[in-house]
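Take a moment to look over the sequence and the 3D picture before you read on. Then use the points below as a guided tour.

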Amino acid sequence: MPTQLKYDTSFAKNTNLALIVEGGEVAQLPELQPEEQQYVQQQAEQEAKLISLNRYTHRVYVVVAPEAKTESLRKEAIRQAGHTLLKQLRSDKAEHITLQDKTGTGASLYLAEGIYLSNYTYIKHKTKDTKPGPLQSITLADAQVTEQQVQELAHVLEAVVQTRDLVNEPHSHQSATQFSEQLVELGEEAGFKTEVLDELQLQSLKMGGLLAVNQGSEEPATFTIMEWKPQNAKNTKPYVLVGKGVVYDTGGLSLKPTPNSMDFMKSDMAGAAAVAGILYAVAKNKLPLHVIGLVPATDNRPGGQAVAPGDVITMFNGMTVEVMNTDAEGRLILADALSFAKKYNPELVLDFATLTGSAMRAIGKEASVAMGTASEETMNALKKAGEEVHERLVEFPLWDEYKKQIESDVADLKNLGGADAGAITAGKFLEVFTSYTWVHFDIAGTAYLQSEDSYRGKMGTGTCVRLVYNYLSALAR
């Protein structure tokens, strides 16, 4: 069972309690006894940020709110304080914790977020140590927050966990067909509709990019359409989300090296998982917006029929592409999905993909790369939503000069540019298949981490779920 996040201002006196305080107010807590106040004050003067008091029947934790340059950085520091607190809770084998914010800023929401996401574990395939951590519930008992806020946050964090589970699932248990079945199950749980197109339907539609990548595989490709369309939707044109669903990427005939590359390629569907997670959060919280998710899914293998470097394929929109490198496959399946998105006459299309090592080398794991044709207002709103949840965006240019790198001698374009600006030329390739307002997110550096990073954890992070949910919820308001 995942950790419960709930709201309840009436809690028992012997409940484990975490108090969030400003640095100068640690000696003014009526919840503490005089000798406890003195101890906490001494610890705070020594710059302790987490102070634990053992009352034997329960514990009281004092979390000193960190200082930060901006409000968004302050919220992030409190989330990270939640990660620190979770380690102490595990050490103390605490099963329940109640949070109270003494700063008057609603900080308990961010502390809860850090605790909840830090408490995530992926133990599905373990035969030993199969029990999750001891923490079962996080209760917010604040006048500064509402039950509705807590419920909304709970659904968003559930969506992040669902996304992480999808990313962490090994390919041995997640073919394209199995992945699509999991998306159908998520739709049934959250309340959005799903439709899965099979190989015959993809052939009928002439989705040449997706079918070409799938040629070397013994498993068929799928194309999943997810839709949340409430009766009170505020938008007449839908917001369309597109996710790269390469469930395992060997690189095809342009085979990847194994160490620190192919061995983590179960995560190459993190963009598709993010789309599913966003739909899950939107539907669970019943946002009054019409939102559609498109997920082309396949693995990429060097089988006997595999597409080869130098081959020319015809895409869904009729354009021809010279395949220069079969490891630049994500853009091929995304291009078909982006062309397909046109039929919905969308208000805005966002695509998500672990697309290029170039993006990761440029900015590391600290942010995702974004680029597109959306207005400055839209890009700023997305950046602001990212700052709020510390899933920051760095915008790269899409200048026309970059298009020269993907010009082909034998086809309309080729799927690989030069050695420089690889993330941008990949984006420039995708742009060709858009005829609407569009933003591309390259999440190669943020979607899957090989070492723990605070509450983002290790392995799948669920990146972009909180960011895009915040953006959409702001539009709904």
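Here is a briefing on this protein, grouped by topic.

This is a predicted model, where local features need pLDDT of at least 70 and side-chain atom pairs count only at pLDDT 80 or more, while totals for chains, interfaces and linings use all residues. Residues are numbered from 1 along each chain as its sequence is written, and side-chain values use heavy atoms, with hydrogens and water left out.

**Overall picture**

- The protein has 13 helices and 20 strands; these are DSSP runs numbered from the N terminus, with helices being H or I of at least four residues and strands being E of at least two.
- A compact globule of 477 residues would have a radius of gyration near 23 Å, and the 24 Å of this protein agrees with that. (The radius is taken over C-alpha atoms, and the globule rule is 2.2 Å times the number of residues to the power 0.38.)
- Along the principal axes, the C-alpha atoms fill a box of roughly 80 × 50 × 45 Å.
- Buried residues make up 57% of the 477. (Buried means under 20% relative accessible area, exposed means over 50%, and partly exposed is in between, using a 1.4 Å probe and protein chains only.)
- Among contacts with a separation of 6 or more, 78% are between residues 24 or more positions apart. (Contact means heavy atoms within 4.5 Å.)

**Nonpolar cores**

- The largest nonpolar core has 90 residues, and Leu 5, Ile 138, Phe 441 and Leu 472 touch the most other members. (Such a core is a set of buried Ala, Val, Leu, Ile, Met, Phe, Trp, Tyr and Cys residues joined through side-chain atoms within 4.5 Å.)
- Helix 8 (residues 270–284) gives this core its largest share, 11 residues.
- Leu 472 is in contact with Tyr 239, Ile 278, Val 282, Leu 287, Leu 289 and Val 291, if you leave aside neighbours within four places in sequence.
- Another core, of 48 residues, lies apart from the largest one, and its members include Ile 292, Leu 355, Ile 424 and Tyr 436.

- Strand 11 (residues 291–300) is mostly covered, with 10 of its 10 residues buried.
- In a regular strand the side chains alternate between the two faces of the sheet.
- In strand 11, Val 291, Gly 293, Val 295, Ala 297 and Asp 299 point one way, Ile 292, Leu 294, Pro 296, Thr 298 and Asn 300 point the other way, and all are buried.
- Strand 8 (residues 222–228) pairs with strand 11 in the antiparallel sense over 7 bridges, and Thr 222 has Ala 297 as its bridge partner. (Two strands pair if DSSP finds at least two bridges between them.)
- Strand 9 (residues 239–243) runs parallel to strand 11, joined by 4 bridges, and Tyr 239 stands opposite Val 291.
- Strand 10 (residues 245–249) also pairs with strand 11 in the parallel sense, over 4 bridges, with Val 246 partnered to Thr 298.

- Strand 12 and strand 13 (residues 320–322) run antiparallel and are joined by 3 bridges, with Val 312 opposite Glu 322.

- Ser 108 sits in helix 3 (residues 107–118) and counts as buried because its relative accessibility is 0%.
- The side chains of Ser 108 and Asp 142 are joined by a polar contact of 2.5 Å. (That is a pair of N or O atoms within 3.5 Å; within protein, one must be able to donate a hydrogen and the other to accept it, and residues adjacent in sequence count only if both atoms are side-chain atoms.)
- Glu 47 is in the loop between helix 1 (34–45) and strand 3 (50–54), is exposed at 62% relative accessible area, and has a positive phi near 70° without being a glycine.
- Ser 454 is not a glycine either, yet has a positive phi of about 50°; Ser 454 lies in the loop between strand 19 (448–449) and strand 20 (459–460) and counts as buried at 14% relative accessibility.
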